[in-house]
Amino acid sequence: MSYEHIVTTTRGPVGIITLNRPDAMNALCADLIDQLCISIDEFENDQSIRSVVLTGGNKIFAAGADVKEMQDKGFIDVYLADFITKGWERVASCRKPIIAAVSGYALGGGCELAMMCDFILADESAKFGQPEITIGAIPGAGGTQRLARAIGKSKTMEMCLTGRMMDVQEAERSGLVSRIIPSGDLLSEAVKTAETIASMSLPIAILAKESVNRAFETSLAEGLLFERRAFHSTFATRDQKEGMSAFVAKRKPKFKDC
């Protein structure tokens, strides 16, 4: 399917979504978000796709929500439309593993969009920030919540109150970024990582993803119970039998997603 503001491609079992509004620094307008949601739906429904990479290209991830589109809205407009919540959270609800590949600026909504993915790979040019306070607003798509869970209260508070950006080295040290990739190698490394995930059993990968996400929604005791029951459930799958048999036999497993 052809889109105006994103580009979708595939590399074997990996679906790639590229934000594509270069003249607007990939600002996240409503149409782009709608198209992003549709593309995720398509990759979720495509049984040949087993993992997804979300990127903005090799110069910028996304400079944030489209301010020109927001500036004239009133409270009742954004409240009744549930502005930002509607559509944006589709990335977070993607059941298949999804990796953010960040090059250049990931600011405001761009940073929040990256954090909705399962983890972030970033190249040496990446910069992250929540500058909403500088335009008279606050983060509205998880910048005060997901960022605090990723890097802690102190740094999140500083970034949200001053609009300060962090470079990729600080982002990795703080736990926001999983790995720093050399410039020029980001997409290929992100796809390679996604291919590794795609080689695993998809239902087991989904269980692992659900279990990690549960850690941020429950107490430790409840999270451990969820994890344990999910672990127990893997023993009802053929892929568990195949994986353990392959390990004992010292061969590569052949998972069947069942």
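A salt bridge is a side-chain nitrogen of Lys or Arg within 4 Å of a carboxyl oxygen of Asp or Glu. In this predicted model, Lys155, Glu158, Arg164 and Glu170 are linked in a network of such contacts. A search of the whole structure finds 12 salt bridges and zero disulfides. The points below treat the pockets, the charged pairs and the cysteines in turn.

**The largest pocket**

- Rolling a probe the size of a water molecule over the atoms shows where empty space is left.
- The largest pocket has a volume of about 950 Å³.
- Its lining is made up of 31 residues, and those nearest the centre are Met115, Cys117, Asp118, Asn213 and Phe216.
- Two or more lining residues come from each of the elements α5 (109–116), β6 (119–123), α6 (146–151) and α10 (202–214).
- Helix α10 gives the largest share of this lining, with seven residues.
- By class, the lining of the largest pocket holds 18 nonpolar, six polar and seven charged residues.

**The second largest pocket**

- The second largest pocket has a volume of about 340 Å³.
- It is lined by 20 residues, of which Ala65, Met70, Glu132, Ile135 and Ile138 are the closest to its centre.
- The elements that give two or more residues to this lining are α2 (67–70) and α5.
- The lining of the second largest pocket divides into 13 nonpolar, five polar and two charged residues.

- Side chains of opposite charge can pair when their charged atoms come close.
- Arg90 and Glu44 form a salt bridge, with an N to O distance of 3.1 Å. Arg90 lies in the loop between α4 (85–88) and β4 (98–102), while Glu44 belongs to helix α1 (residues 30–45), and the two are 46 residues apart. Arg90 counts as buried because its relative accessible area is 17%, and the cut-off for buried is under 20%.
- Glu89 is joined to Arg146 by a salt bridge whose closest N and O atoms are 2.7 Å apart. This pair also links distant parts of the chain, with Glu89 in the loop between α4 and β4 and Arg146 in helix α6, 57 residues apart. Glu89 is partly exposed, at 30% relative accessibility, and Arg146 is partly exposed, at 26%.
- Lys209 and Asp118 meet through their side chains in a salt bridge of 3.0 Å, N to O. Lys209 is buried, with a relative accessible area of 11%, whereas Asp118 is partly exposed, at 29%. Asp118 is also one of the residues that lie nearest the centre of the largest pocket.

- A disulfide is a covalent bond between the sulfur atoms of two cysteines.
- The search of the whole structure finds zero disulfides. Cys29 is in no disulfide, and the nearest cysteine sulfur, that of Cys37, is 12 Å away. Cys29 is buried, with a relative accessible area of 6%.
- Cys160 is likewise in no disulfide, and the nearest cysteine sulfur, that of Cys111, is 8.9 Å away. At 12% relative accessibility, Cys160 is buried.
- The cut-off for a disulfide is a pair of cysteine sulfur atoms within 2.5 Å.

Key. Residues are numbered from 1 along each chain as its sequence is written. This is a predicted model: local features need pLDDT of at least 70, side-chain atom pairs count only at pLDDT 80 or more; totals for chains, interfaces and linings use all residues. Side-chain values use heavy atoms; hydrogens and water are left out. On a 1 Å grid over the protein atoms alone, a cavity is a set of points where a 1.4 Å probe fits but cannot get out, and a pocket is an open set with protein on both sides within 12 Å along at least five of seven lines; lining residues have an atom within 4 Å of a point. Grid points are joined across faces, edges and corners, and a volume is the space filled by probe spheres set on the points. Helices (H or I, at least four residues) and strands (E, at least two) are DSSP runs, numbered from the N terminus. Ala, Val, Leu, Ile, Met, Phe, Trp, Tyr, Cys and Pro count as nonpolar, Asp, Glu, Lys and Arg as charged, and the others, Gly among them, as polar. Buried means under 20% relative accessible area, exposed over 50%, partly exposed in between (1.4 Å probe, protein chains only).
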